Amino acid sequence: QVQLVESGGGLVQAGGSLRLSCAASGSHVSINAMDWYRQAPGKPREAVATITGGGGTNYADSVKGRFTISKDNARNTVYLQMNSLKPEDTAVYYCHTWWYADYWGQGTQVTVSS
């Protein structure tokens, strides 16, 4: 069983920044690949960024150069630094990992006003 708890969402103007956090139970952050997904109203959930156990990263084309995923193994926490936010980034953001099953956090709302 893996528990994931997101925080850090909110309302921000276009061009602004937010940092999301995902606190994980156990030591999964140092072992598992951890992902951020997002889901906008009426749209399917999409992958935003991934960080592997070894620290390798991958990003969706839509966020490359603006978002940065990182982690603190000692704190069992994954971060998503979001800069130059656009209204189209508005969504519920979810933390995800796989450890013999899919695990999701409860989500945190990010709203970017124009």
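Colleague: How many salt bridges does a search of the whole structure find?

Modeller: The search finds 5 salt bridges, where a salt bridge means a side-chain nitrogen of Lys or Arg within 4 Å of a carboxyl oxygen of Asp or Glu. This is a predicted model, in which local features need pLDDT of at least 70 and side-chain atom pairs count only at pLDDT 80 or more, while totals for chains, interfaces and linings use all residues. Residues are numbered from 1 along each chain as its sequence is written, and side-chain values use heavy atoms, with hydrogens and water left out.

Colleague: OK, which residue forms a salt bridge with Arg38?

Modeller: Asp89 does, and the closest N and O atoms of the two are 2.9 Å apart. The pair links distant parts of the chain, since Asp89 sits in the loop between E8 and E9 and Arg38 in strand E4 (residues 34–39), 51 residues apart. Strands here are DSSP runs of E with at least two residues, and helices are runs of H or I with at least four, both numbered from the N terminus.

Colleague: And is Asp89 buried or exposed?

Modeller: Asp89 counts as buried because its relative accessibility is 1%, and Arg38 is buried too, at 6%. Buried means under 20% relative accessible area, exposed over 50%, and partly exposed in between, with a 1.4 Å probe and protein chains only.

Colleague: What about Arg66, which residue does it form a salt bridge with?

Modeller: Arg66 forms a salt bridge with Asp89, with the closest N and O atoms 2.7 Å apart. Here Arg66 lies in the loop between strand E6 (57–59) and E7, and Asp89 in the loop between E8 and E9, 23 residues apart. Arg66 is buried, with a relative accessible area of 10%. Arg38, Glu46, Arg66 and Asp89 are linked in a network of salt bridges.

Colleague: And Lys64, which residue is its partner in a salt bridge?

Modeller: That one is Asp61, with 3.2 Å between the closest N and O atoms. Lys64 counts as partly exposed at 48% relative accessibility, whereas Asp61 is exposed at 65%.

Colleague: Changing topic, which residues form the disulfide?

Modeller: Cys22 and Cys95 form it, their sulfur atoms 2.1 Å apart, and the structure holds 1 disulfide, defined as a pair of cysteine sulfur atoms within 2.5 Å. Cys22 lies in strand E3 (residues 18–24) and Cys95 in strand E9 (residues 91–98), so the pair ties together parts that are 73 residues apart in sequence. The link is left-handed, with -80° about the S-S bond, and both Cys22 and Cys95 are buried.

Colleague: E3 again, then: in what order do the strands of the open sheet come?

Modeller: The open sheet has 4 strands in the order E1-E3-E8-E7, with antiparallel pairing, and two strands count as paired if DSSP finds at least two bridges between them. Strand E1 (4–7) and strand E7 (67–72) are the edge strands, each pairing on one side only. E7 and strand E8 (residues 77–82) pair in the antiparallel sense over 6 bridges, and the bridge partner of Asp72 in E8 is Thr77.
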